[in-house]
Amino acid sequence: MIRNTLLYILLLTLPFAASGQTADLSKLSGQLRELVAKPQPLCGRAVDGRTHEPVVCAFVRTASGGTAAVESHGGRVLATFGDICIADMPLSAVSGLSLDRRVSRIEAQRGSMPALDSVYIQIGAADAYAARRLPQAFDGAGVMVGVQDVGFDMTHPTFRDAATGRLRIRGLWDQLSADTADSAMPVGAAYEGEDALMAYAHTRDAAMIYHGTHTAGIAAGGGCGTRYRGIAFASDICLVGNAVTTNAALIDSADLYKYTYAMDALGFKYIFDHAAAEGKPCVINFSEGSTQDFRGDDVLYYEVLSRMCGPGRIIVASAGNNGLETNYFRKPRGTASTGVFVKRWAPSLAFMLKSEADFGIRFKAYGPTPYVLTLPTTLVKESPDSTYAAHLDIYGTGYDLTVTAVTSCYDHDETAYEVSLSGPTRIGWWLPLSFEVTGEAADVEFYNVNSTVYESDRDPSLTCGDNTHSVISPASAPCVIGVGATAYRTHYTNIRGETVTYDTGTGGAVGDYSSRGPTLDGRVKPEVVAPGTNIISAYSSYHLETLDELPDEVVATFEHDGRRYGWISGSGTSMSSPAVAGAIALWLQANPQLSPDGVREVLKASSTRRGGAQGDLDCEQGYGEINVYKGLLHILGIDGLPGISDHQPDKAAVSVADGHVVVSLDAPSRSRFTVRVYGCDGSLVAAADFPEGTDRAVLPVSAAHHGVYVVQLSSGDKAVCGSSLVRL
């Protein structure tokens, strides 16, 4: 999972000039408020040396749902979703548009970060990897797997069909492409067809980062004949390369405002539209995200995503990797004060607070003599634009404190406070710094944004908090399937034969780094977990060729068509999310009309839980770890058939050949066993008993109609017992 602060970076770097126009700040998202509340930048310098007025890509909600208001202020409508449109417009036009009575909300926010060889076993999709446990009918064929990410290498042979060599990537929109002269896209350019895709070869940032190559390989890579095969290895693929902090250097400053949540939403639309044009259901993976907020800066974003999603259109996103951090604490009413020590290996830190009642915000620096600043929230609310700003001199070093009060978008009786502290040094590392909320009358909640919270013997009483409330956006969106990470493998062997250890648990335990819910408005997230620790997948050849020495995470390299490619290990919810996307692709193959709510129902009925009962939902593991096989049984209506197992046989493989069901055992059976073939309607199609010592059983089924059937094996040998799905 990857974090992005593009607009923040631009605020620090662009030249500014005075502007006399006022704006209705109440209609603007947080970063737009900052831009119009301060003198606005009149121009940015592009790579061609010319100056251009910056253009912003934003969500705009209008009272009538029409586009005339946007167009009358010089905006260009890119897509519409009922009363919400996505438009780009000159940044200087935002103030005037906010004053237009036809407009109720303008939202442009930026902030995302790029949050396998045994995953198929752990999530019950063995045949999606080794062509053994599930029939080929559920390998993703006929489904589009979309990935919006960064650093794609389309030439990696894992994206070709193993049998035919056909490139399975059907389209790419590289939002950073410099080939914009004849492009119809709002930024970058789109490439479709094998010739165009291979001529372009890779996204513009592929030498800088390989994240997208890795995640796409987990979701849908073919594996090139190795064990590093993705989940939906027969699916078609559609890609969008978007903008994040790690590739921001490639963006002209005049265009930087275009790369917002709204542009990400257009990326999702591009993939869904591509799938619809080919008549395929589609699931999209997004291993990126940013912190939630109380302003409601992603309200329109969430609404647009909900209008995109539906039957056969699913978005999956990583929950985030903030589980190791203290992200939340609460000071209950009746307690005088509660607090923590904070620091950050950067010149700024930020967090949020929320309460119905007024309280005090206290900072304390531990130097030669105590430095204490207590700020009453009443002073913040009384300040212009409800923003208190002060320059602090702490032992001769200057710091800037900003606290802004906003009405919570989730509960209008509550006020949220955005607190930021910046300075010239790494805050809190050399000079210990504590933060407290004070006032017995107030019930106050603390939400971390980017700080490191820790304990110190300077004040042992300041030791509160937990790792909840850390799921990032858009995994926190109601329509998106949020994914946490589990752990099985504690180490792997790299290309140099070295053992690389990263131990976050074993046996399917939720990884300690995996973000936990609830969301800021109290909903349970994530919905599901999947393996995300030490996951091996494809590595960009264009990133590889820039290196003098291979990273420790590389486990293998190989030559193909004169280029050197590789396989690399990665850990995080960035890795678990595409595994779930690939699993859902197999479910869409069984039911192309499966909706986001339908996916949740399947997860509830089929996920593997650690503790608790089937169907329970919690903020650590959701419904549990995804189980492809049990999910297919549920989708096909087979899980209710008497005698059908919810697991596959460990030492028997089931296949179909020449009108017969063939059961091949790893070794001669140690007891008698029975093979029964059931239709999805529960009808018994064929049955036969086989004696001890049998290692291959054959049943004729040529009279059965085409469709999916269940083969149930019953035996005194538990390793032979179980059921498998086949397509006749």
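## Basis of the description

The model is predicted, and local features are taken only where pLDDT is at least 70, side-chain atom pairs count only at pLDDT 80 or more, and totals for chains, interfaces and linings use all residues. Residues are numbered from 1 along each chain as its sequence is written, and side-chain values use heavy atoms, with hydrogens and water left out.

## Helix 8 and helix 13

Helices and strands are DSSP runs numbered from the N terminus (helices are H or I with at least four residues, strands are E with at least two). Two packed helices are described by the angle between their axes and the distance between the axes. The axes of helix 8 (residues 211-220) and helix 13 (residues 573-590) come within 7 Å and cross at roughly 35 degrees, where axes are lines fitted to C-alpha atoms, for helices over the stretch in contact, and angles run from 0 to 180 degrees between N-to-C directions.

Helix 15 (residues 628-635) is largely enclosed by the rest of the structure, because 7 of its 8 residues are buried. Buried means under 20% relative accessible area, exposed over 50%, and partly exposed in between (1.4 Å probe, protein chains only). The buried residues of helix 15 are Val628, Tyr629, Lys630, Gly631, Leu632, Leu633 and Ile635, and they pack against helix 13, helix 14 (596-606) and strand 40 (722-727).

The axes of helix 14 and helix 15 come within 9 Å and cross at roughly 115 degrees, in a right-handed crossing. Glu601, Val602, Ala605 and Ser606 of helix 14 make this contact with Lys630, Gly631, His634 and Ile635 of helix 15, and the residues involved are 3 nonpolar, 3 polar and 2 charged.

## Aromatic rings

The structure holds 27 aromatic pairs, counted for rings of Phe, Tyr and Trp (its six-membered ring) with centres within 6.5 Å; planes under 30 degrees apart count as stacked, over 60 as edge-to-face and the rest as tilted. One of these pairs is the stacked pair of Tyr191 and Tyr200, at 3.9 Å centre to centre with 10 degrees between the planes, and both of these residues are buried. Phe558 and Trp567 are also stacked, because their ring centres are 5.7 Å apart and their planes are at 20 degrees. Trp567 is buried, with a relative accessible area of 3%.

Phe329, Phe351, Phe363, Phe435 and Phe446 form one aromatic cluster. Charged side chains also lie over rings: Lys343 is over the face of Tyr454, at 4.4 Å from the ring centre, and Arg563 is over the face of Tyr542, at 4.0 Å from the ring centre. This description requires NZ of Lys or CZ of Arg to be within 6 Å of the ring centre and within 35 degrees of the ring normal.

## Backbone features in loops

Most residues other than glycine have a negative phi, and most peptide bonds are trans. A cis peptide bond joins Ser473 and Pro474, with omega about 15 degrees, and Pro474 is in the loop between strand 25 (452-454) and strand 26 (481-487). Another cis peptide bond, with omega about 0 degrees, joins Gly517 and Pro518, and Pro518 is in the loop between strand 29 (509-510) and strand 30 (528-531).

His469, in the loop between strand 25 and strand 26, has a positive phi near 55 degrees and counts as buried at 16% relative accessibility. Asp658 has a positive phi near 55 degrees and is found in the loop between strand 34 (652-657) and strand 35 (660-665), but Asp658 counts as exposed at 76% relative accessibility.

Notes:
Contact means heavy atoms within 4.5 Å. A crossing is left-handed if the near helix is turned anticlockwise from the far one by less than a right angle, and right-handed if clockwise. Ala, Val, Leu, Ile, Met, Phe, Trp, Tyr, Cys and Pro count as nonpolar, Asp, Glu, Lys and Arg as charged, and the others, Gly among them, as polar.
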